[in-house]
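Please open the model in your viewer and keep the selection panel at hand. The tour goes stop by stop, saying each time what to select and what is found there.

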Amino acid sequence: MPSVSGLLEQRELTARRRVEELREEADRVQAELVVAEEDWKEWVIARSRVGEVLALGGDEVAVPDATEGVRDTNPQPESPMAAAKPKSVVPMWRAGLAWSALSLDYQRILRVLSDQGHLGQGPLTCQEMAKAFGIEAVPAKVETLRSKAKRLVARGWLAESVPGQFTLRPGAAGPGGGS
């Protein structure tokens, strides 16, 4: 019959081997994590750089078309309104940047606030914007508008002097890019 001390040593040895295996696996996973984080950071930087180039309207850098040489079976005319795609990044406002740099949802917000300003009326709440768009002012839709308006404020397109009340930023370009 094995001794108690011998059994304990066997169990200790088994536990130590398991700890060493887990440490090796943890080191391997940690190394993979470092590589994955670096890859992720590079993609974040790439998306940021592309966003900067798109925000500049391509004036400073020519970006080759990825679809060059690919035949389009459903050609559609180019329009300035089609410049920004839904769910696109909202570029930082700068003098001369046209509204077409924004997706249509953001352009609608700017247009209704611009009309408000031209009529000499004050800022709008998100509920008022929802009514102006002809959509039901239910919480989910109002919060979607609020999120977009806040994003436009953060990017310099809108002003929010009173919380929840939005106006076009003084000096923000009109639809064609003029001040």
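Which pattern does the protein chain follow, read along the sequence? The pattern is α-α-α-α-β-β, and the secondary structure comes to 4 helices and 2 strands, where helices (H or I, at least four residues) and strands (E, at least two) are DSSP runs numbered from the N terminus. This is a predicted model, in which local features need pLDDT of at least 70 and side-chain atom pairs count only at pLDDT 80 or more, while totals for chains, interfaces and linings use all residues. Residues are numbered from 1 along each chain as its sequence is written, and side-chain values use heavy atoms, with hydrogens and water left out.

**The whole chain**

Colour the chain by accessibility, and buried residues make up 21% of its 179 residues; buried means under 20% relative accessible area, exposed over 50%, and partly exposed in between, with a 1.4 Å probe and protein chains only. If you then display contacts (heavy atoms within 4.5 Å), residues 24 or more positions apart account for 52% of those with a separation of 6 or more.

**Helix α3**

Select residues 126-133, which form helix α3. The buried residues of α3 are C126, M129, A130 and F133. They lie on the same side of α3, because they cover an arc of only 100° around the axis, the arc being that of the directions from the helix axis to the C-beta atoms. The cover over these buried residues includes α2, α4 and β2. Just after α3, select G134, which takes a positive phi of about 75°.

Now centre on C126, which counts as buried because its relative accessibility is 0%. Leaving aside residues up to four places away in sequence, C126 touches V142, L145, R146, G164 and F166. The C-alpha atom of C126 is also separated by 7.5 Å from that of Q165, although the two residues are 39 apart along the chain.

**From α3 to α4**

Two packed helices are described by the angle between their axes and the distance between the axes. Axes are lines fitted to C-alpha atoms, for helices over the stretch in contact, and angles run from 0 to 180 degrees between N-to-C directions. To see the contact, show C126, Q127, M129, A130 and F133 of α3 together with V142, L145, R146 and A149 of α4. These residues divide into 7 nonpolar, 1 polar and 1 charged, with Ala, Val, Leu, Ile, Met, Phe, Trp, Tyr, Cys and Pro counted as nonpolar, Asp, Glu, Lys and Arg as charged, and the others, Gly among them, as polar.

Turning to α2 and α4, the angle is about 80° and the axes are 10 Å apart, so α2 is roughly perpendicular to α4. Show D105, Y106, I109 and L110 of α2 with L145, K148, A149, R151 and L152 of α4, which make the contact; by class there are 6 nonpolar, no polar and 3 charged.

Is K148 buried or exposed? With a relative accessible area of 18%, K148 is buried, and, not counting residues up to four places away in sequence, K148 touches D105, Y106 and I109.

**The two strands**

Finish with strand β1, residues 158-162, and strand β2, residues 165-168, which run antiparallel and are joined by 3 bridges; two strands pair if DSSP finds at least two bridges between them. Select A159 and you will find it opposite T167 in β2. The hairpin of β1 and β2 has 2 residues between the strands, and G164 there takes a positive phi near 85°.

Notes. Angles under 35 degrees count as roughly parallel, over 145 as roughly antiparallel, 65 to 115 as roughly perpendicular and the rest as oblique.
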